[in-house]
Amino acid sequence: MCVNIVLSFRGGIEMSKKILCLLLLLILILPVISACKDDNGDNKKTTSTGAITEAEAAGLTPRNFGGKQINIVTVDEKRGYTYYNIEWASDKLDDDEDKILSAPINNAVYNRTQILRDEYGIDLNVIYTAKPSDDYKNEVMAGTSDIHIIADGVVYLAQWGLSNLLKDLNKIPNLDLTKSWWDQTAIKDLSMANYLFCITGDIIVSDKNATWACFFNKDMLYNNGLEDPYQLVRDGKWTVDKLHEMAKAINPNGAQLSDWQNDTYGFLTQTYDAIASMCSYNQRMIIKDENDYPLLNIDNEDTYKKFEKIFNLMTDKSCSIVTEVAIKNSQDLYRDMENIFLSGRALFEYNKVAYVQKIQEANTKFEFGILPMPKYDENQDKYYTTCTVYFSEFIGIPICVKDEDLDAIGYTLQLMGYYGEKYVRPAYYDVTLKLQKVNSEQDEEMLDIIFANRVYDLAAVFNYEGSLTMYTNIVMSGVNTLTSVVEKNSDRIQAYIDQTIESFKALDQ
């Protein structure tokens with residue numbers, strides 16, 4: 001057999017239903033293209049029999065580019081995510097029997113990398129750096145960069161878009177943005193004046209890893225006799241008021257909590273949670289008009305009442321701790337924050353989905369669960385969530401890329417998205433996240449709800465005149481001054497938006 005899969009079980013371990021499902025999924029996503037030695041020691045390449053069908057399924061005409069190199073610059077793991085170094089390309093199959101259960105993403109990406117090389121003649125050359133948008137900006141501005149694709153946090157690429165340093169992805173040959181492997185909500189939310197400078201989707205996994213969710217300590221919840229949050233979610237009753245009520249139950253005497261190294265909290269929070277929460281209430285600072293131009297959307301009753309709700313929760317010192325306010329003289333503020341939860345001293349914490357990895361590595365003494373971000377109230381139609389704009393990778397094409405290269409680049413992205421949906425997303429979502437990282441079918445159910453309705457706020461992504469930090473600064477101050485802040489800053493933000501609109505109108509792409 002050409003594919004070498006070693007699966008062994010020692011000590012008479014009973015295979016649970018979950019393990020059986022895991023093995024089946026692993027077999028499905030492990031590469032079907034592998035190197036087999038002939039008698040002379042030469043490599044024989046086996047190719048999939050459906051190359052033409054696959055290309056057509058991706059919406060492409062079958063082609064071979066004869067070894068065309070596509071240069072991609074992306075973030076290295078110093079940014080803090082587990083999969084940055086393997087989500088784009090992999091040149092090594094991890095088939096060691098001791099590691100096979102921890103390497104489905106690498107192996108799925110390896111599969112895709114080999115298919116692109118062997119079937120389509122496309123070689124991926126991936127360059128890793130701590131800050132792609134900073135490190136390559138001058139080269140792109142000077143027109144001397146040989147990078148074909150740049151991947152970075154969406155907040156950084158958005159600034160490139162505003163500065164006309166990225167190609168309009170609507171005009172890239174072979175790139176069909178209507179396909180299911182591209183994040184359609186991101187395309188709708190983040191286009192501007194019908195230009196689109198960056199995208200994400202099943203081509204990578206870090207955007208999904210950056211999705212905001214609510215983690216909770218199951219042991220603390222059950223020991224305090226609190227309601228089943230999973231059922232609350234199913235019944236549409238998981239709201240910010242319900243979270244606040246349950247958080248206060250951890251400290252029923254209502255004493256003010258001030259010792260972050262020893263106290264136990266109902267809600268562990270950071271200032272970014274204010275932005276994430278407003279998105280989870282589907283209350284965005286900037287919306288768009290019928291011409292796809294941005295409109296300021298903060299001076300209204302919905303904004304004020306919804307922000308008041310999350311502000312009151314975050315600043316309630318009888319149950320909550322705001323990390324940036326309470327933790328002083330720390331060398332790693334957010335590590336100290338997470339350690340409060342990991343040590344079993346917090347009931348709820350908002351964080352990115354990637355946090356499950358840290359929880360597992362910490363070998364916590366309690367069982368954790370994961371929930372969608374709560375609604376504003378029970379009348380809200382859905383559970384919404386967003387991504388952290390700093391860590392959610394998006395993809396762009398530098399403006400200096402030569403026109404003759406766009407055909408191959410668009411073809412490559414379309415293929416990578418297609419095979420990402422086929423191999424990489426299942427490896428991440430169904431195997432790594434659902435079957436390895438979370439503990440119950442209930443959590444798997446919650447993950448489906450979390451990822452069903454992600455939204456993006458233009459204000460957070462493009463940071464118009466500091467709008468990204470408007471809510472966070474108010475939380476830091478401890479006083480809800482939103483009304484006066486809006487009154488003071490609305491005209492300035494609107495002027496910047498108007499300037500941006502004029503800049504987009506003047507673009508010639």
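Helices (DSSP runs of H or I, at least four residues) and strands (DSSP runs of E, at least two residues) are numbered from the N terminus. The structure is a predicted model, in which local features need pLDDT of at least 70 and side-chain atom pairs count only at pLDDT 80 or more, while totals for chains, interfaces and linings use all residues. Residues are numbered from 1 along each chain as its sequence is written, and side-chain values use heavy atoms, with hydrogens and water left out.

The chain contains 21 helices and 13 strands. Of its 509 residues, 57% count as buried; buried means under 20% relative accessible area, exposed means over 50%, and partly exposed lies in between, with a 1.4 Å probe and protein chains only. A contact is defined by heavy atoms within 4.5 Å. Among contacts in the chain with a separation of 6 or more, 78% are between residues 24 or more positions apart.

The lining of the second largest pocket consists of 20 residues, each with an atom within 4 Å of a point. Asp 183, Gln 184, Thr 185, Phe 451 and Arg 454 lie nearest the centre of this pocket. Helix H7 (184-190), helix H8 (206-209) and helix H18 (441-452) each give two or more residues to the lining, and the largest share, 3 residues, comes from H7. By class, 6 of the lining residues are nonpolar, 5 polar and 9 charged. In this scheme Ala, Val, Leu, Ile, Met, Phe, Trp, Tyr, Cys and Pro count as nonpolar, Asp, Glu, Lys and Arg as charged, and the others, Gly among them, as polar.

A nonpolar core is a set of buried Ala, Val, Leu, Ile, Met, Phe, Trp, Tyr and Cys residues joined through side-chain atoms within 4.5 Å. The largest such core has 85 residues, of which Trp 238, Phe 307, Phe 348, Leu 371 and Tyr 471 touch the most other members. Helix H21 (residues 482-506) gives the most to this core, with 7 residues. Another core, of 75 residues, lies apart from it and includes Ala 58, Ile 70, Ile 370 and Met 416. When residues up to four places away in sequence are not counted, the residues touched by Leu 371 include Trp 238, Phe 348, Met 446 and Ile 450.

Helix H12 (residues 272-280) is mostly covered, with 9 of its 9 residues buried. The buried residues of H12 pack against strands E6 (212-217), E7 (265-269) and E11 (346-352), and against helices H13 (301-314), H19 (458-462) and H20 (470-477). Just after H12, Asn 282 takes a positive phi of about 60°.

Phe 394 is found in strand E13 (residues 393-396) and is buried, with a relative accessible area of 0%. The C-alpha atoms of Phe 394 and Asp 152 are 5.7 Å apart, although the two residues are 242 apart in sequence. Beyond neighbours within four places in sequence, Phe 394 is in contact with residues including Ile 150, Val 154, Leu 190, Ile 199 and Tyr 456.

The structure holds 27 salt bridges, each a side-chain nitrogen of Lys or Arg within 4 Å of a carboxyl oxygen of Asp or Glu. In one of them, Asp 407 meets Arg 63 at 2.5 Å, N to O. Asp 407 lies in helix H17 (residues 403-437) and Arg 63 in the loop between helix H2 (51-57) and strand E3 (68-75), 344 residues apart. Asp 407 counts as partly exposed at 25% relative accessibility, and Arg 63 counts as partly exposed at 33%. Lys 218 forms a salt bridge with Glu 367, the closest N and O atoms being 3.3 Å apart. Lys 218 belongs to helix H9 (residues 218-223) and Glu 367 to the loop between helix H16 (355-361) and strand E12 (368-371), so this pair ties together parts 149 residues apart in sequence. Lys 218 is buried at 3% relative accessibility, whereas Glu 367 is partly exposed at 35%.

Notes
1 Å grid on protein atoms, 1.4 Å probe; cavity = no way out; pocket = protein on both sides within 12 Å on 5 of 7 lines; lining within 4 Å.
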